[in-house]
Amino acid sequence: MTTDLSAHPGKVLDLANRTRVNAFGVQSAGESVQPLAITRRPLNLDDVQIEIEYCGICHSDIHMVNNDWGMSIYPMVPGHEIVGRVLAVGNAVTKFKVGDSVGVGCLVDACGDCPSCANHLEQYCLNGFTLTYGSETPADGITYGGYSTQIVVKESFVLRVPESLDRQSVAPLLCAGITTYSPLKHWNIQPGDVVGVIGLGGLGHMGIQFAHAMGAKVVMITTSESKGRDAKLLGADEVLLSKDEAAMKSWAGTFDFLLNTIPVGHDINPYMALLKVDATMCVVGAIDPLTTGLNTGTMVFSRRSIAGSLIGGLKETQEMLDFCADHAIGAKVEVIPSGEINTAYTRMQNNDIKYRFVIDLNAK
Ligand code: NAP
Ligand code: ZN
């Protein structure tokens, strides 16, 4: 049964001009995902209306549905790995026309004025960005994401998806892709650098492909022995089992860069010891307290750094999509109909997916 949210009190203005859209989401923390009817705003002059074909399921969707980060707003329609085609454009739109292949990632607006926005770093907007889902705005009430058949997004937050890319495998690039591409570029990975990717999931499997395409020697650092063969097919040169203490010791002090995608709090110290002098571990997974305190000795004695990184700006996301087209890179996906989202969540929590679920919005 579909719950109708279109007349949700206080959430929607100007109902008469809004488009009714089928969606999937939750009304409170921890619920199962269910069919919902929502509305989308009428087109502003600089808006693009998109018919969504595919939407990836990011581990962040599970965190947000469950309010793991204490910032969730309900009702919630998750989804920030969106691929579709342009259905209509506002009169001032110049970059897109009806039928174009487009994507939308985690952000749909930012202030545009602050130093971060001026530097194409909308993800670090100092005045607060608008998330694709779960932000409050005057025009949308609450923003609703890509587990839906249509979305309306400001032109400057819409990405051009190269036609040469497989449409299903593009969806995860809009979050998992840019989240791993951006730090590899920021820390200037060069051919021959030794790069460790920690955790072979949605993010990790993109990280391996990018680091390999950038010419690095890639080591997959995993808890799952069974994923070693896949890691090599994706471009890893070596596989390091993190539970194997002797193997971890043998790699100590050898990495130029570590990309840590582990989605939960964990003991970070054994990984820090893998870095060379002056090298950095960038955390993109957990936003949680570490389960064991950080042993600052691992930093002090080798001038190592620990850093974090959030998705990427719009310009860099477009660059990443074009890089994928140039290097024939895509996500490895399992495409599911919308009726299987809850099963997908359970399987992701059980580490049972290679490597990204993508919802086909045209399949029931
Ligand atoms: P995912 O597909 O579930 O993959 C996570 C991988 O981490 C697993 O496949 C597993 O790999 C490893 N892992 C899981 N639990 C672990 C544990 N307890 N200890 C050690 N390793 C563990 O998740 P994802 O979609 O890649 O997302 C990863 C994290 O990134 C999530 O927390 C998500 O919210 C976050 N994220 C951050 C950003 C950002 O901008 N920073 C953007 C998107 C997502 P192995 O089996 O190989 O060990
Ligand atoms: Zn995501």
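## Backbone geometry

P75 is placed in the loop between helix 1 and strand 5 (82–89), where helices (H or I, at least four residues) and strands (E, at least two) are DSSP runs numbered from the N terminus. The model is a predicted one, in which local features need pLDDT of at least 70 and side-chain atom pairs count only at pLDDT 80 or more, while totals for chains, interfaces and linings use all residues. Residues are numbered from 1 along each chain as its sequence is written, chains are lettered from A and ligands numbered from 1 in the order in which they are written, and side-chain values use heavy atoms, with hydrogens and water left out.

The peptide bond that joins Y74 and P75 is cis, with omega about 0°. Another cis peptide bond joins K354 and Y355, with an omega of about -10°; Y355 lies in the loop between helix 11 (341–349) and strand 20 (356–360). H120, although not a glycine, has a positive phi of about 60°. The loop that holds H120 runs between helix 2 (115–118) and strand 8 (130–131).

## Ligand site

The shell around ligand 1 holds 27 residues, of which T222, T223, S224, K227 and R356 come nearest; a residue belongs to it if one of its heavy atoms lies within 4 Å of the ligand.

| Residue | Protein atom | Distance to an oxygen atom of ligand 1 |
|---|---|---|
| L200 | backbone N or O | 2.7 Å |
| G202 | backbone N or O | 2.9 Å |
| T222 | side-chain N or O | 2.5 Å |

On its own, ligand 1 has 930 Å² of accessible area (Shrake-Rupley method, 1.4 Å probe), and the protein covers 87% of that 930 Å². Helix 1 (59–65) and helix 5 (202–213) each supply at least two residues of the shell. The largest share, three residues, comes from helix 1. By type, the shell divides into eleven nonpolar, 14 polar and two charged residues, with Ala, Val, Leu, Ile, Met, Phe, Trp, Tyr, Cys and Pro counted as nonpolar, Asp, Glu, Lys and Arg as charged, and the others, Gly among them, as polar.

## Helix packing

Helix 4 (residues 176–186) packs with helix 10 (residues 314–327) at an angle of about 100°, their axes being 10 Å apart. Axes are lines fitted to C-alpha atoms over the stretch in contact, and angles run from 0 to 180 degrees between N-to-C directions. Helix 4 is therefore roughly perpendicular to helix 10, a term for angles of 65 to 115 degrees. The contact (heavy atoms within 4.5 Å) involves G177, I178, Y181, S182 and K185 of helix 4 and E316, T317, E319, M320 and F323 of helix 10. These residues divide into four nonpolar, three polar and three charged.

Key. A polar contact is a pair of N or O atoms within 3.5 Å; within protein, one must be able to donate a hydrogen and the other to accept it, and residues adjacent in sequence count only if both atoms are side-chain atoms. Angles under 35 degrees count as roughly parallel, over 145 as roughly antiparallel, 65 to 115 as roughly perpendicular and the rest as oblique.
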